[in-house]
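The sequence and the structure come first, followed by the findings.

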Amino acid sequence: MSAEATNPAVSPAPAPPTAHRRKGRPRIDLRRLGRAALLGPATRDRLPDAISHLADAHRAHHPDADLDPLRRAYVLAESSHRGQMRKSGEPYITHPLAVTLILAELGAETTTLTASLLHDTVEDTDVTLDQVREEFGEEVRYLVDGVTKLEKVDYGAAAEPETFRKMLVATGNDVRVMSIKLADRLHNMRTLGVMRPEKQERIAKVTRDVLIPLAERLGVQALKTELEDLVFAILHPEEYEHTRGLIVDNAARPNDPLAEISEEVRGVLREAGIQAEVLIRPRHFVSLHRVSRKRGQLRGSDFGRLLVLVHEDADCYAVLGELHTCLTPVVSEFKDFIAVPKFNLYQSLHTAVARGDGQVAEVLIRTHQMHKVAEAGVVALGNPYAAPAEEQTDGEGERVDPTRPGWLSRLLDWQEAAPDADMFWSTLREDLAQDREITVFRPDGGTLGLPEGASCVDAAYAQYGEDAHACIGARVNGRLATLSTVLKDGDTVQLLMGQDPASEPSREWLEHAHTPGARIAIQRWLATHPSPAADEHEERDGERKDETPAPRPAHDEAAATSDTVNAVVVVGRPEASVRLAGCCTPVPPDEVTGFAVRGGVVTVHRVECAAVTRMKGLGRADIDVRWGDTTEFRVTLVAESFQRPHLLADLTEAIALEGVAIVSATVEPPTQQRVRHTYTLQLPDAAHLPALMRAMRNVPGVYDVGRAQHQAPTAH
């Protein structure tokens with residue numbers, strides 16, 4: 001690897017104000033040059049002077065750590081890299097030392113630090129992987145090999161997708177490989193100054209497009225935020241300098257509203273007897289730039305957020321209750337990431353409190369352990385393979401990482417399912433560009449983490465995998481919804497699954513799929529079924545042929561007359577001609593009324609029919625009618641369903657099994673996967689109508705069956 005020289009390309013960011021920081025608590029601070037001291041005298045019996053600061057940082061998180069592997073790894077790395085120089089003229093060993101120091105400050109365990117010291121030896125020196133295994137064991141060899149493979153990957157636009165997939169999969173089985181890579185990139189970004197501007201820009205863009213999103217998904221916020229600022233300085237120097245000026249000007253102000261609000265918060269918690277540490281967290285450059293673009297004129301409280309640290313989960317909610325009781329909460333800003341953690345392991349309560357002068361302070365409430373994970377992500381979780389040897393595999397020889405975030409697990413599933421490397425690469429890039437996530441709830445209380453903008457299609461594949469091919473619809477917050485419905489954070493989603501084993505996804509679903517899992521599953525199915533468009537066309541043509549088993553009468557009301565003339569008695573006019581209205585097709589025991597039309601015919605409507613309201617509004621007098629002795633009746637039913645193959649055949653079979661004759665049927669063209677069927681049916685007995693409607697509703701894919709309610713033409 002060609003680690004770049006020291007001499008930052010931009011002036012170092014101004015140190016955040018520290019006047020209000022509580023003393024005595026060590027905090028992760030990577031905004032200092034990660035340059036290590038040079039090699040001092042070393043023997044086999046003591047720690048080399050050059051890594052004494054590294055040992056101190058490691059022992060701060062792991063007091064009982066065995067430092068001997070670090071000593072031996074440093075000696076091997078220094079002797080192997082001896083004579084190699086960085087472009088700045090520094091000994092090359094300063095680079096692996098700086099990378100390892102970054103990880104030590106984040107709390108990485110000893111195995112990761114050992115591999116970090118050796119991460120360039122196999123690529124740049126004569127050290128072999130076999131030698132690493134003999135000296136340090138299989139775990140260190142595995143990590144060094146993973147980082148070496150990653151170094152050979154070109155992340156830019158000309159990257160070879162298959163190469164990237166193989167390398168990422170090889171390293172994705174252990175998040176520690178990616179952690180070392182991120183720390184390596186951070187140090188190289190810090191020391192990019194001697195590179196040509198065009199190369200700085202190329203490296204910055206790759207960092208922005210691939211590595212920063214990876215850091216976000218691994219939860220390593222401390223690395224992510226500094227990488228963002230370094231990229232911001234290179235790609236947007238004018239905006240960077242403007243933001244830098246805003247920070248400097250704000251630091252020079254005599255009164256800091258955040259300091260005043262923090263003191264007020266301390267007082268509230270002290271009075272409530274809650275032990276808590278209240279800190280001011282200055283915003284990093286990119287965060288402040290985003291706030292500035294969103295709000296325009298910045299307030300003093302916009303330059304940072306308050307962080308409240310407590311010992312127990314319950315204390316977080318106690319703090320929240322006191323703040324919302326004693327201060328003015330901004331309810332719209334409340335989010336609970338403790339009950340529902342983010343996809344990258346992040347947990348915290350978010351809220352905001354307002355003062356009378358318009359200053360609003362955002363407040364983060366978390367335990368000390370949550371804070372450690374929020375800053376360091378997977379790096380803070382220790383060695384995922386520390387269990388006994390027999391518990392380190394899944395029974396098939398595969399390495400099991402219980403701390404691996406769900407996103408990384410899903411990534412491995414995607415690469416196995418993707419038909420080709422290009423699809424995997426493009427899907428991964430799209431996923432990395434989605435930096436916001438929502439949480440939706442299943443009816444059983446479980447949750448699904450989805451990217452912002454995800455639809456019910458994405459929820460289906462997130463919950464059922466390829467079995468989601470059989471999904472026919474959804475209920476969102478209790479209401480029926482199409483699969484194209486875009487979900488919002490906090491929605492409850494019930495997915496409706498069909499029972500037909502031959503169910504298949506629609507090509508249209510791709511338009512509504514935003515997650516890699518959904519897109520790859522749908523594309524994989526389409527790729528294994530040639531000419532889906534032609535098959536779909538033939539299938540729809542076949543359904544259209546079956547849609548009209550009998551010619552539709554020219555006028556529904558005329559069709560109804562022949563069999564129902566004796567069904568209704570007109571009070572006071574026993575000999576009157578009667579016709580049942582086709583707009584509402586009344587049957588017993590519907591409450592009915594009548595209107596006289598041309599030729600002395602009385603048209604009978606259900607009293608709730610829209611035509612009744614309209615005719616009464618026109619001043620038409622209704623006629624008293626009642627049901628007489630009836631036998632057969634004709635009724636029009638409307639079935640609402642989700643589109644799926646063979647649905648029409650299943651519906652007509654269900655109707656036939658009820659002993660009901662179909663007089664006519666129409667099926668409207670599908671709209672957003674929904675289909676509307678209208679049937680005019682001849683019932684042997686009106687009392688059989690409820691059973692018929694139940695049978696139709698029980699057909700998979702049908703979500704509602706009701707009486708026809710279409711508008712009837714005004715009677716004359």
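Is Glu228 buried or exposed? The model is predicted, and in it Glu228 is buried, with a relative accessible area of 9%.

## Salt bridges of Glu228

Glu228 takes part in a salt bridge with Lys224, with an N to O distance of 3.7 Å. Both residues lie in helix H11, which spans residues 221-235. Because Glu228 and Lys224 are 4 residues apart there, about one helical turn separates them. Lys224 has a relative accessibility of 13% and therefore counts as buried, the cut-off for that class being under 20%.

Glu228 also forms a salt bridge with Arg290, where the closest N and O atoms are 3.4 Å apart. Arg290 is partly exposed, its relative accessible area being 46%.

## A pair in helix H2

Helix H2 covers residues 68-81 and holds both of them. Their spacing is 4 residues, so Arg72 and Asp68 are about one helical turn apart.

Arg72 is partly exposed at 24% relative accessibility. Asp68 is partly exposed as well, with a relative accessible area of 31%.

## Salt bridges in the whole structure

How many salt bridges does a search of the whole structure find? The search returns 30. Some residues are joined in a network of salt bridges: Asp130, Arg133, Glu138, Arg141, Asp145 and Lys149.

Helix H24 runs over residues 647-657. Its buried residues are Leu647, Leu648, Leu651, Ala654 and Ile655. Why do these residues lie on the same side of H24? They cover an arc of only 130 degrees around the axis, which means that they share one side of the helix.

Key:
Residues are numbered from 1 along each chain as its sequence is written. This is a predicted model: local features need pLDDT of at least 70, side-chain atom pairs count only at pLDDT 80 or more; totals for chains, interfaces and linings use all residues. Side-chain values use heavy atoms; hydrogens and water are left out. Buried means under 20% relative accessible area, exposed over 50%, partly exposed in between (1.4 Å probe, protein chains only). Helices (H or I, at least four residues) and strands (E, at least two) are DSSP runs, numbered from the N terminus. The arc is that of the directions from the helix axis to the C-beta atoms. A salt bridge is a side-chain nitrogen of Lys or Arg within 4 Å of a carboxyl oxygen of Asp or Glu.
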